[in-house]
Amino acid sequence: MKILITGGAGFIGSTIASACLDEGIEVVILDDLSTGRPEFVAGRHLYSGDIADGTLIDTIFTEHPDIHAAIGCAARIVVPESVAEPLYYYTENVSKGLALVGHLLRNGCERFLFSSSAAIYEAGQGITEEAPLKPLSPYARTKAHFENALEDIAAGTDLRVVSLRYFNPIGCDPDLRSGLQVRQPTHALGVMIDAFHAGRAFPVTGTDWETRDGSGIRDYVHVHDLARAHLSAVRRIDTITSSDAPYRAINLGSGTGTTVFELIKAFENVTGKPLATERADRRPGDNAGAYPDISLARELLDWEPALSVEQGIADSLAWYARRDVVLSETAAAHEEGLPRP
């Protein structure tokens, strides 16, 4: 089997690619390297360019006519940036995504796995795939709009689509081949790691939410578990979709969520040291949080997370210790025109 992965030089896409290669699945990467890292695709079939470039995609399929399916991981994902630049986000995530689908169909590629987001749901706990959608940012709305378009396209063409919806990936590739390339992450675990190393207090914003311990609840899933789910979906796409139901959305996640206080406790268990914290008021726009029901993933993909939140924290810390060396080595080699490590 050979798979095309758009955005395959990014955090999630590169982890999926590594998991494919570990199981003997050949990968072809399409990435413009605007946020993806070249060292994450070293030794792999890489086409550097835009997902909307029809000529480039035609070339890919001419040179790799045996591509079985495409996995779409290419997207802009920063919520504040999407608020500041909504037109850019709709262009990148919707317009270019639709162009990609057209190019795939023209080349006879009729299996598409979309790496989506559970941010399209209204906040809640135990969210099923049938829950009402209420995306709260331009970023999330681009995901919802593209899913709607995929469902319509699948109904009117031979395209088969599986959309995988998930919240917060943590951890890294188990062999440290890739990880989160952002040096200043804004998600809770990234902020926690930065605070821990800087000796700052980690802020707990809101402690009177209607959750099991009063702190906000979020859903975390190890990026390697996400990669396993994508592989399972690619292998099963012909059985979990049909001509009568060519589109399928499936939640991925922990199935239980993790509160902020639970995340802090898990972090302390991993490091063996207390984490300095401070309690703060709720921030404008905050909510109690959400996590999905993953029953359908268990049923259709034979999947559930195998790696704990603590493992995700440990792997995130291991990647943190290695990240700047890897990225600086690559940047220096690039600047000097030397082979990348």
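Ser215 is buried, with a relative accessible area of 0%; buried means under 20% relative accessible area, exposed over 50%, and partly exposed in between (1.4 Å probe, protein chains only). The model is predicted: local features need pLDDT of at least 70, side-chain atom pairs count only at pLDDT 80 or more, and totals for chains, interfaces and linings use all residues. Residues are numbered from 1 along each chain as its sequence is written, and side-chain values use heavy atoms, with hydrogens and water left out.

Ser215 lies in the loop between strand 9 (202-205) and strand 10 (217-218). Strands (E, at least two residues) and helices (H or I, at least four) are DSSP runs, numbered from the N terminus. Thr258 belongs to strand 13 (residues 258-259) and counts as buried, at 8% relative accessibility.

The table lists contacts (heavy atoms within 4.5 Å), leaving aside neighbours within four places in sequence.

| Residue | In contact with |
|---|---|
| Ser215 | Val204, Gly206, Thr207, Trp209, Thr259, Val260 and Phe261 |
| Thr258 | Arg212, Gly216, Ile217, Arg218, Tyr220, Leu263 and Val309 |

**The chain as a whole**

The chain has 10 helices and 15 strands. Its radius of gyration is 20 Å, close to the 20 Å that the globule rule gives for 341 residues, so the chain is as compact as a globular protein of that length. The radius is taken over C-alpha atoms, and the rule is 2.2 Å times the number of residues to the power 0.38. Along the principal axes, the C-alpha atoms fill a box of roughly 55 × 50 × 40 Å.

Of the 341 residues, 51% count as buried. Among contacts with a separation of 6 or more, 79% join residues 24 or more positions apart. The chain exposes about 14900 Å², of which carbon and sulfur atoms supply 49%; the area comes from the Shrake-Rupley method with a 1.4 Å probe.

**Confidence**

The average pLDDT (the predictor's confidence in each residue, from 0 to 100) is 92 for the chain, and 96% of the residues score at least 70. Over residues 331-341 pLDDT stays under 50, and the model has 11 contacts beyond four places in sequence for this stretch. Where pLDDT is low, the predicted coordinates should not be read in detail.
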